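Subject: Structure for your review

Dear colleague,

Please find below the structure that I am handing over to you.

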Amino acid sequence: MDWELYERYRSTVLLAVLLFVSSLFLAFQKTSSVQHLRAFLVRFTLPPQRLLVQIKSPASESSIPEPNEPAADTVPGTILDIGSHFSGEERRRIQILTEENARYRDLFQIRESKWPGAIVAHVAGRDPQRWFQEIVLDKGKEDGLKADFPVLAIVDGRETLIGRILEVSAHVSKVMLLQDSLSEVAATVPGANGEDGVVEGTNSHELVLKFLDRGSQVKIGDLVVTSGLGNAFPSGVPIGWVEGLEPDPRQLFMQAKLRPAARSNQIRVVLVLVL
Amino acid sequence: MKKVLYFLFTIWILLWAQVVSNHFLGGTLFAVQWILIAVLHFGLRRGPWTGEWMGFSWGILVDSSSLGLVGVHAILYTLAGYSAGMFRRQLDASKPWTQTIFTWMVTLVYFVLYLLVERFFSINEGTFQWACLTVPIMNAIVAPLVFFALDFWADVWDMKPIEH
């Protein structure tokens, strides 16, 4: 009798058990046991994500040139001379590698000249549902990363702030992007009497620079950089450009819409600053 | 042993397919939830017991690899597997139209529940991406293909659907 009852309702019982277990995961997100479970299970999905990143960015760390090495396209008689001997597909591949090479050269030059201790990491994955908020890096605690370390990307040969480390596990870490609405960065506008404000995310492409004076000298096109206040981020790192100005909803301050210097969907490799 | 291998391989392959799909189509109008469709397939073909187990297994793996809350997908996929299993007698799941319409409806419910759970548990403000609106349509379009592929895959393993 009991067995028949079990056979009849076992799916419902299983549903209740699985929902209960899932709810426990939800309720105790931040506990170490759930985080350990997550770190263990993420190993099953990280390999394809890493593979995809490598396919898109063919240069691996072992093939990254040293900063002093000349890149292929700067050596006379290489690409331009032999370009005609390659098929279209090969030329495209060379083009990709050349661009990749230039990107890494910029990154290593900036690292050598400004932040010798910075750690280079690759974007290993991102969640479509939290596209503007977070990315996952392929380096973690064992590589020297810690929570709150600033994360920079290199755009057009210049460093730019993209966020900070939010959580770290052994081999991967999560970055909170500037676009996250919970992100706040002390910033300044060097060209406008050094006006200070706070850059906040909007969960979309744009950023907002808040708490500017109503008589602010900030104008469209001004570059906004980190102010270094609070020591959470180094000073003078570009964040974005002013695209528009308007009073805040309470009409107490002005606020500026910013175009981020780095588009979050073009980030492949980053520099994590060790503070 | 063969049965275990069949389920493990299926979970592994669909997980990879979802990762690859997210990489190239995530955040676009053409995003597809291959795993959700597969969960519905298992629920409709093999009953709620299998649907729930597959849904929970995939859900917890997706939660671990994504950056959101751990448990959201586990809950939603488990519910999807259970509901598909409970509806299997009312639906003729061999018809492509049934697969399409059922997948479309479940995906809509999935999104509503996802937003509710996310709002309730997440510390972040929920971000609604308009691109999500096309996911139910894309899921519905590819559902017959996924059902066909998974039926073929089961035939390869000689794993006839057994109802639980």
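Please bear in mind throughout that this is a predicted model.

I begin with the nonpolar cores. The largest of them has 54 residues, among which Ile162(A), Ile239(A), Val270(A) and Val272(A) touch the most other members. Strand β4 of chain A, which covers residues 158-168, supplies the largest share of this core, namely five residues. There is also a second, separate core, made up of 44 residues. Leu36(B), Phe56(B), Val62(B) and Leu76(B) are included in that second core.

Chain B has 164 residues, of which 45% count as buried. If one takes the contacts in chain B between residues at least 6 apart in sequence, 72% of them join residues at least 24 apart.

Finally, the two chains meet. Here 34 residues of chain B are in contact with 35 residues of chain A. On the side of chain B that touches chain A, the elements giving two or more residues are α1 (2-25), α3 (48-65) and α4 (72-87) of chain B. Helix α3(B) provides the largest share of that side, with eight residues. By residue type, the side of chain B that touches chain A comprises 18 nonpolar, 14 polar and two charged residues.

Yours sincerely,
A colleague

How values were computed:
Residues numbered from 1 in each chain as written. Chains lettered and ligands numbered in written order. Predicted model: local features only at pLDDT ≥ 70, side-chain atom pairs only at ≥ 80, totals over all residues. Core = buried A, V, L, I, M, F, W, Y, C linked by C-beta atoms within 7 Å. Buried ≥ 20, exposed ≤ 12 C-beta atoms within 10 Å, placed from the backbone. Helix = DSSP H or I, 4+ residues; strand = E, 2+ residues; numbered from the N terminus. Contact = placed C-beta atoms within 7 Å. Nonpolar A, V, L, I, M, F, W, Y, C, P; charged D, E, K, R; others polar.
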